[in-house]
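Good morning, and thank you for coming.

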Amino acid sequence: MQYLTYEEALTLLDRYPYFAFAAMQALPFAPDEEEASHLRMIIAINTPEQPQEIRPVSPPVATPSTADAIDRFLAGYGELPPPPDPSQLPELIKNRKYTEALAIIEELYLNNPEKSIYFADQIRFIKKLIVNQEKENG
């Protein structure tokens, strides 16, 4: 490893003011404490005699809880709609309101992934009913 002379280190520090390697090379040869303190500041060394704060300490940021996040969401967008009532499905299908029944089944499909096969089958059936109804009204 090649060492820099004190003058070479100062020349490098003039060109690159935060070049830590040059400051480390020049530190043992600093002529006075003020220059040594400046070099310590560049290489971020704190001494017990002269403690230096290199970076300001920022206060910790509070992490909002899940309940706070939900409350902020609801305050900004209003209340969530009530969940669909599956007991309405037979009446809707009987009255040939297939699009409303389809909306309820699709909502149930999203909320119950463990029954996805059952709901997928029901969705296909109601879509066929909608197509047939459109052909009748045609």
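Predicted model: local features only at pLDDT ≥ 70, side-chain atom pairs only at ≥ 80, totals over all residues.

Which residues are buried in helix H1, residues 6-15? They are Tyr6, Ala9 and Leu13. Here buried means under 20% relative accessible area, exposed means over 50%, and partly exposed lies in between, with a 1.4 Å probe and protein chains only. Seen down the axis of H1, these buried residues fall within an arc of 65°, so they line one face of the helix. The arc is taken from the directions that run from the helix axis to the C-beta atoms. On the other side of H1, Glu7, Asp14 and Arg15 are exposed. An α-helix has 3.6 residues a turn, so residues three or four places apart point the same way.

Residues are numbered from 1 along each chain as its sequence is written, and side-chain values use heavy atoms, with hydrogens and water left out.

Let me turn to the chain as a whole. The protein chain has seven helices and zero strands, and along the sequence its pattern reads α-α-α-α-α-α-α. Helices (H or I, at least four residues) and strands (E, at least two) are DSSP runs, numbered from the N terminus. Of the 138 residues, 22% count as buried. The chain exposes about 11000 Å², of which carbon and sulfur atoms supply 57%; these areas come from the Shrake-Rupley method with a 1.4 Å probe. Among the contacts in the chain with a separation of 6 or more, 23% are accounted for by residues 24 or more positions apart. Contact means heavy atoms within 4.5 Å.

Next, the interior. A nonpolar core is a set of buried Ala, Val, Leu, Ile, Met, Phe, Trp, Tyr and Cys residues joined through side-chain atoms within 4.5 Å. The largest such core has 13 residues, of which Leu89, Ile105 and Ile126 touch the most other members. The elements giving two or more residues to this core are helix H5 (89-94), helix H6 (98-111) and helix H7 (116-137). H6 supplies the largest share, six residues. A second, separate core of 10 residues includes Tyr6, Leu13, Ala36 and Ile42. In soluble globular proteins, nonpolar side chains tend to be buried together.

The buried residues of H6 are Tyr98, Ala101, Leu102, Ile104, Ile105 and Leu108. They cover an arc of only 165° around the axis, which puts them on the same side of H6. These buried residues pack against H5 and H7, whereas the face turned away from the buried side carries the exposed residues Thr99 and Leu110.

What does Ile105 contact, leaving aside its neighbours within four places in sequence? Its partners are Leu89, Phe119, Gln122, Ile123 and Ile126. Phe119 is itself buried, at 8% relative accessibility. A search of the whole structure finds one aromatic pair. That pair is Tyr118 and Phe119, edge-to-face, at 5.2 Å centre to centre with 70° between the planes. Rings of Phe, Tyr and Trp (its six-membered ring) pair if their centres lie within 6.5 Å; planes under 30 degrees apart count as stacked, over 60 as edge-to-face and the rest as tilted.

Finally, consider Tyr98 and its surroundings. Tyr98, in helix H6, is buried with a relative accessible area of 9%. Apart from neighbours within four places in sequence, Tyr98 is in contact with Ile93, Ile126, Leu129, Ile130 and Gln133. The C-alpha atoms of Tyr98 and Gln133 are separated by 8.8 Å, although these residues are 35 residues apart along the chain. Gln133 is found in helix H7 and counts as buried at 18% relative accessibility. Not counting residues up to four places away in sequence, Gln133 touches Arg96 as well as Tyr98. Arg96 is placed in the loop between H5 and H6 and is partly exposed at 38% relative accessibility. Its phi is near 60°, a positive value in a residue other than glycine.
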